[in-house]
Amino acid sequence: MVHYKNLIPQDIKKASYPYLENIISIIVINITHVLMKITSNVYTRNLLIILAILICFVGNLLYHFTFKNFINQPELPAKYAAYKTLAESPTSTHYEIKPLFAYVSDNRTFSVPRYYPEEQIVRIYSHTDAPQQDKIVTCYKFDPAGNLVDSSTSQKEPIDAASTYQTLPDLTTNDTIFKTPNKTIYQDYFYKASLLLPPDTWLGTGYIHLIMKTDTLKFKEDDLFQLSYYKNEHIDFGLLKNRFSNFYIVKAKSN
Amino acid sequence: MTPTTLSFKKAAFIAFLTTIIYVITVLSQKDLGGYGGLFLLSLSPLAFLLVIIICYLETYLERKQLIAPHIVFRFLTLFLSLSFIAWLSLSEIYIGDFQQYTFGSYMWHFGQFALDFILPIGIATILISSMLSSNRSNTVKNQ
């Protein structure tokens, strides 16, 4: 049995400033003081301390799970529920979005589409992720109507002189352009899924409107900051590139 | 049974063994290759010092009759409090706010934390508490 009252004068030295040792002993004596009232058995006392830590631990886990694990946002409005993803080929009255390539193997990377004014052609290069000597570069050529004209393979990506082509203007290099309504492509609604960077950068689904002449194409897409839209005034189609670097073509319905 | 006093030699030996566990833990983390691992290895003198402080704190709390002089109690108190402190300071890396986890994925993330931190803390605290409980040196002195 420890007489805590007797401990106090020895342990708390009346120093002009608090030593760390004194602070610890004040805390310890206070805890002992409280626990002494409950039980005088050292084992029961220790068990209470262990239980207290355990309750704090489990409580902290449950607190995080129940109170910090949801997003306070209104339910998704009903009109957005019908929006299709790019892979589901959304359509409007006169336009449609379709995958540019029927099948793309995983180990291919695509270049940014380039427009060649002299030939009036859009080229996209793709190459396999193989060592330099095994690399196969495929060049796809599209006419202004959006039809595949020609594709050729070679071992090397040709180096174009800067004057012969222009990169199609990438309308959405970052997500800030989506947020300001813009005449061609903009985000109509955003539904949060999870916090990416505190305080206010979110991952989630963007509900996007893309305007082609008189039509508005509507689709949804996750992780918008990786979505790009390419278009210029010489071609009748648009190109979308998503986060898996799959290309989608936006053009007039074929029927 | 009650080590109300702790010789510095013993504390230093415990700290030495625990520092070895610390170094092994850092080296076994494959994704800590390069400068991250080197930085943590350079902190091993700090771990040594910390374990000595923990040993003295533990015996101090035993003297003040807050920790029972038994290996299980020593282990549980130390293990749970150190794990809790680790969780409070490091949970942000494993579990973010506003993520809408399911219970399963939440427990998976906690499991990752447990594998990375609670396991080494457990091994180290088993070592510390069992070494503190062994009073072979005392008996030798008494003989």
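W202(A) lies in strand β10 (residues 201-212) of chain A, where strands are DSSP runs of E with at least two residues and helices are runs of H or I with at least four, each numbered from the N terminus. This is a predicted model, in which local features need pLDDT of at least 70 and side-chain atom pairs count only at pLDDT 80 or more, while totals for chains, interfaces and linings use all residues. Residues are numbered from 1 along each chain as its sequence is written, chains are lettered from A and ligands numbered from 1 in the order in which they are written, and side-chain values use heavy atoms, with hydrogens and water left out.

Leaving aside neighbours within four places in sequence, W202(A) is in contact with I71(A), F190(A), K192(A), S194(A), L195(A), L196(A) and F98(B), contact meaning heavy atoms within 4.5 Å. One of these partners, K192(A), is 10 residues from W202(A) in sequence and 6.2 Å from it in space, C-alpha to C-alpha.

Chain A as a whole contains four helices and 14 strands, and buried residues make up 38% of its 255 residues. Of the contacts in chain A with a separation of 6 or more, 47% come from residues 24 or more positions apart.

In chain B, helix α1 (residues 8-28) packs against helix α3 (residues 44-63) and also against helix α5 (residues 103-133). The axes are lines fitted to C-alpha atoms over the stretch in contact, and the angles run from 0 to 180 degrees between N-to-C directions.

| Helix pair | Angle | Axis distance |
|---|---|---|
| α1(B) and α3(B) | about 135° | 8 Å |
| α1(B) and α5(B) | about 165° | 10 Å |

α1(B) is therefore oblique to α3(B), whereas α1(B) is roughly antiparallel to α5(B); angles under 35 degrees count as roughly parallel, over 145 as roughly antiparallel, 65 to 115 as roughly perpendicular and the rest as oblique.

The residues of α1(B) that meet α3(B) include F8(B), A11(B) and Y22(B), and those they meet include A47(B), V51(B) and Y56(B). By class, the contact of α1(B) with α3(B) has 14 nonpolar, three polar and no charged residues, with Ala, Val, Leu, Ile, Met, Phe, Trp, Tyr, Cys and Pro counted as nonpolar, Asp, Glu, Lys and Arg as charged, and the others, Gly among them, as polar.

How values were computed: Buried means under 20% relative accessible area, exposed over 50%, partly exposed in between (1.4 Å probe, protein chains only).
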